[in-house]
Amino acid sequence: MSDATTRVLLIEDNPDDACFLLEALSETREEQIELVHVVQLDDAAKRLREETFQVILLDLSLPDSQGIETVLRVQDQAPSVPIIVLTGLDDDNIALQAVRAGAQDYLVKGDIDARILVRSIRYASERKQAYEEMAHLAADLTRANKVKDDFLSVMSHELRTPLIAIMGYARLLEADFSGEATSEHAKAACVIRQKSDELLEMIRSILQAVEIEAGEIMVASDMVDLGDFIKQLARSNSIPVKNNVRVEWDYPSQLPNIVTDARKLRRILQNLIENAIKFTDHGHVTIAVRDIPERGLVEFKVRDSGVGISSEVLPVIFDKFRQADSSDKRHHDGMGLGLYIAKKFAESLDGKITVESHLGIGSEFTVTIFNRLPANDNAPHPEDQRQTNSNTTNAQ
């Protein structure tokens with residue numbers, strides 16, 4: 001406490017308790033404390049409007065207010081003043097309710113002495129000040145995050161418009177040079193189109209991340225033929241993209257219909273596949289699908305024989321803007337949003353995503369999606385009727 005006088009408002013209707021507290025404070029020589037006593041809550045409200053107090057001592061049983069409601073009413077009158085609740089009941093439940101309602105401390109009248117009372121007044125002021133500083137900091141961080149998200153959203157929208165125009169002209173150039181595939185102009189047009197595609201995908205990822213942060217993920221569930229869904233996903237990843245890497249598909253000949261958001265499920269798996277290929281220089285990337293009807297789940301696994309993820313990074317690999325290698329000398333491009341989006345989308349589908357990885361050996365990501373469609377007892381799901389498709393694509 002400083003040398004300045006601490007003004008304390010005592011709201012207490014019992015004259016004996018009020019006298020005791022006055023005597024207790026008069027015994028201390030360490031603090032400059034001025035105690036102002038009122039009997040009713042209405043009187044306290046008037047004093048709080050007209051005067052300044054550093055601490056409030058509040059009895060929970062007043063003529064015009066009872067219980068935790070008393071704390072709420074005082075807090076409404078003086079939100080910045082710390083409250084110390086006084087009660088004649090040694091009741092932990094009341095103490096917990098009082099603190100949850102906004103009180104900084106709780107004292108049992110029969111246990112109060114000068115030392116305890118002064119210490120409680122001092123600590124209540126310090127706790128309130130710390131709380132308000134944290135509240136201001138939290139508000140500042142919230143505003144900063146909103147400004148950041150608004151900036152990313154606006155910039156992404158603004159960048160997308162000219163980028164789509166660039167992509168259109170690049171495709172026109174590619175078409176004009178289609179008969180001159182080896183010319184420098186044809187190669188340049190192809191590079192412009194490819195890099196524009198990459199940039200557009202980054203912009204889409206930023207917009208999706210902003211939507212996630214704003215809590216604007218919309219799930220549009222519909223009936224999905226999982227077999228057709230996987231075949232289409234395999235076809236879209238059949239074009240070779242990297243040397244010495246095989247993309248393999250492992251799924252049963254019979255897959256169920258499921259009720260889910262196909263676009264989000266596709267984005268989840270596409271992000272994992274692209275990530276696996278990016279971090280695999282040679283070997284394989286395998287996408288496996290299994291129906292687990294007894295648990296109402298469908299499981300997707302994306303395995304690779306790539307560089308793997310260190311144990312230090314593994315716990316935060318799904319964080320926003322987090323990469324397995326975030327150093328300036330990293331060998332792989334990316335914004336660190338793919339796994340973050342995949343995790344959030346999986347959760348929006350009542351699912352989850354997990355990972356196991358070892359450096360130099362590879363990684364395995366597992367996506368588990370809840371199937372909202374009740375299982376058909378007549379469907380051909382027994383293990384002895386399942387046959388595995390091993391469709392292999394060389395990616396180069």
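**A walk through the helix packing**

Asp350 is partly exposed, with a relative accessible area of 46%. That value falls between the limits of 20% for buried and 50% for exposed, which means the middle class applies. The model here is a predicted one. Asp350 sits in the loop between α9 and β13, the strand that covers residues 352–358. Its backbone deserves a look. Most residues other than glycine have a negative phi. Asp350 is not a glycine, yet its phi is positive, at about 60°.

Now step back to the whole chain. The protein has nine helices and 15 strands. It contains 396 residues, and 41% of them count as buried. The accessible surface comes to about 22400 Å². Carbon and sulfur atoms account for 50% of that surface. Consider next the contacts between residues at least 6 apart in sequence. Of these, 72% join residues at least 24 apart.

Next come the helix pairs. Two packed helices are described by the angle between their axes and the distance between the axes. Take α8 and α9 to begin with. Helix α8 spans residues 262–278, and helix α9 spans residues 338–348. Their axes lie 9 Å apart, and the packing angle is about 150°. An angle over 145 degrees counts as roughly antiparallel, so α8 is roughly antiparallel to α9. The crossing of α8 past α9 is left-handed. On the α8 side, the contact uses Lys264, Arg267, Ile268, Asn271, Leu272 and Asn275. On the α9 side, Gly338, Leu339, Ile341, Ala342, Phe345, Ala346 and Ser348 take part. By class, this α8–α9 contact holds seven nonpolar, four polar and two charged residues.

Helix α8 also packs against α7, which covers residues 226–236. Which residues does each helix bring to the contact of α7 with α8? From α7 come Phe229, Gln232, Leu233 and Ser236. From α8 come Ala262, Leu265, Arg266, Leu269, Gln270 and Ile273. Six of the residues in this contact are nonpolar, three are polar and one is charged. The α7 and α8 axes are 11 Å apart, at an angle of about 40°.

Follow the chain out of α7. Asn244 lies in the loop between α7 and β9, a strand of residues 245–252. Is Asn244 buried or exposed? Its relative accessible area is 61%, so Asn244 is exposed. Asn244 and His282 are 38 residues apart in sequence. In space, their C-alpha atoms are 4.8 Å apart.

Helix α2 runs over residues 41–50, and helix α3 over residues 68–77. The two axes come within 10 Å and cross at roughly 20°. Angles under 35 degrees count as roughly parallel, so α2 and α3 are roughly parallel to each other. The α2–α3 crossing is right-handed. Leu41, Asp42, Ala45, Leu48 and Arg49 form the α2 side of the contact. Thr70, Arg73, Val74 and Gln77 form the α3 side. The classes here are four nonpolar, two polar and three charged residues.

Gln54 counts as partly exposed because its relative accessibility is 31%. Which residues does Gln54 touch, leaving out those up to four places away in sequence? They are Thr5, Thr6, Arg7, Val81, Pro82 and Ser125. Arg7 is 47 residues from Gln54 in sequence, but the two are 5.5 Å apart in space, C-alpha to C-alpha.

The tour ends at helix α5, residues 114–176, where Arg115 is found. Its relative accessibility is 55%, so Arg115 counts as exposed. Arg115 and Ala24 are 91 residues apart in sequence. Their C-alpha atoms are 8.4 Å apart.

Definitions and conventions. Residues numbered from 1 in each chain as written. Predicted model: local features only at pLDDT ≥ 70, side-chain atom pairs only at ≥ 80, totals over all residues. Heavy atoms only, no water. Helix = DSSP H or I, 4+ residues; strand = E, 2+ residues; numbered from the N terminus. Buried < 20%, exposed > 50% of the residue type's maximum accessible area, 1.4 Å probe, protein only. Contact = heavy atoms within 4.5 Å. Areas by Shrake-Rupley, 256 points an atom, 1.4 Å probe, with all protein chains shown as cover. Axes fitted to C-alpha atoms, helices over the stretch in contact; angles between N-to-C directions. Parallel < 35°, antiparallel > 145°, perpendicular 65-115°, else oblique. Left-handed = near helix turned anticlockwise from the far one by under 90°. Nonpolar A, V, L, I, M, F, W, Y, C, P; charged D, E, K, R; others polar.
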